[in-house]
Amino acid sequence: MTLESTNRPAWRYVRLMNRVLILFVLSFALIGCSPRGSVTVVAGFKPAALGASLQPVFVASDRRVIGDGSQALPHHSFGAERDTELRYGRLDISIPPVHQPGQIEWPRHDPPDPALHFVTRSGERYANQYAFLRDIPRAGPAQDVVLFVHGFNVNNAEAVYRLAQIAHDYETDVPVISFSWPSAGDARGYVYDRDSVIFARDDLESLLTGLAADGRRILIVAHSMGGQLVMETLRQMSISGKGGALRQLSGVALISPDIDEDVFLRQSRRISPFPQPFMIMVSTRDRALGLAAFLTGKPSRLGSIQDPSRLGNLPVEIIDLSDIEGGDRAGHSTAFTAPAAIRLLRDLGGT
């Protein structure tokens, strides 16, 4: 008779606690001790005179504002707490002339230098969704927009600056929108973030139906746990009869989606019409998804799938980035941090 059979509940508890402990240790090892990104405002300079590029990023967020909510948007501090009010704004992000594809050149000293760093030059807060939608054409006359949904362990500044970097590196010429849902921005907040995904579904639906009613064609790009939020939202929209809004989707791209395969199949079968094209970018070298799979007790997550036939006859395209070198250490953001992946995907998109 083994120790496990004689004291099975206690043994399972020990194994569970060991699993959680290992997850935290590895998570911190991946993230390191570098400071988190924050919105840095530098007003009054002319980006063109420095050789910098100005990238407008529209923002919709259900994070709670810290401090005086009446301030201009660049001076807002959006935290991890959830808010029942969906707020709208725009940040104009200056990208320095020394920018390298895949990087965010965060200011690491004071004062920040627009010639060297990503900084926020200006911004605007909108009173409501109507004002937000009315102002989007200033970023481009096209009816198309790109909606970015960030993933686990991301604060508001990181979500917005990352989208600015993606839009710049992919040479996007249409308005881009960041849906900034209330991630804890903490490696220990995995369960909190999964609950926030459930919390944020109605707000993402509100944004999508508003954009669709405005005649916008929407390309959704979701990273990591943001893919779970997108799938849950599209599912509930389909079930509640909002097929008209779903028809306004020009495509969906899930990058390293942190979703259980079985759950994804169930979600997909309830979404009608199913968006086309629908791409899933995967990598077997994704260490972050390996940790998520370890925590859930499954062999893999959707973003590290090795056998696409497991998805049956779903009309999805799998793009395998396993052989792409470079990018982030965890291999979790290869699609927008590895220059080779950026070149590959930009060519696939015909840009």
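## Around Leu147

Let's start inside the fold. Setting aside residues up to four places away in sequence, Leu147 touches Ile177, Phe179, Leu204, Leu207, Leu208, Ile218, Leu219, Ile220 and Val221. Keep in mind that the model is a predicted one.

Leu147 belongs to the largest nonpolar core, a set of 51 residues. Together with Phe179, Leu234 and Phe264, Leu147 is among the residues with the most contacts inside that core. Helix H6, residues 190-213, gives the core its largest share, eight residues.

## Strands side by side

Now to the strands. E1 (residues 53-66) pairs with E2 (residues 77-95) in the antiparallel sense, and twelve bridges link the two. Here Val59 lies opposite Gly89 of E2.

E2 is also joined to E3 (residues 119-126), again antiparallel, through seven bridges. In this pairing, Leu91 has Gly123 of E3 as its bridge partner.

## The chain as a whole

Stepping back, the chain holds twelve helices and nine strands. It has 351 residues, and 52% of them count as buried. Of the contacts between residues at least 6 apart in sequence, 78% join residues at least 24 apart.

Key:
Residues numbered from 1 in each chain as written. Predicted model: local features only at pLDDT ≥ 70, side-chain atom pairs only at ≥ 80, totals over all residues. Heavy atoms only, no water. Helix = DSSP H or I, 4+ residues; strand = E, 2+ residues; numbered from the N terminus. Buried < 20%, exposed > 50% of the residue type's maximum accessible area, 1.4 Å probe, protein only. Contact = heavy atoms within 4.5 Å. Pairing = 2+ DSSP bridges. Core = buried A, V, L, I, M, F, W, Y, C linked by side-chain atoms within 4.5 Å.
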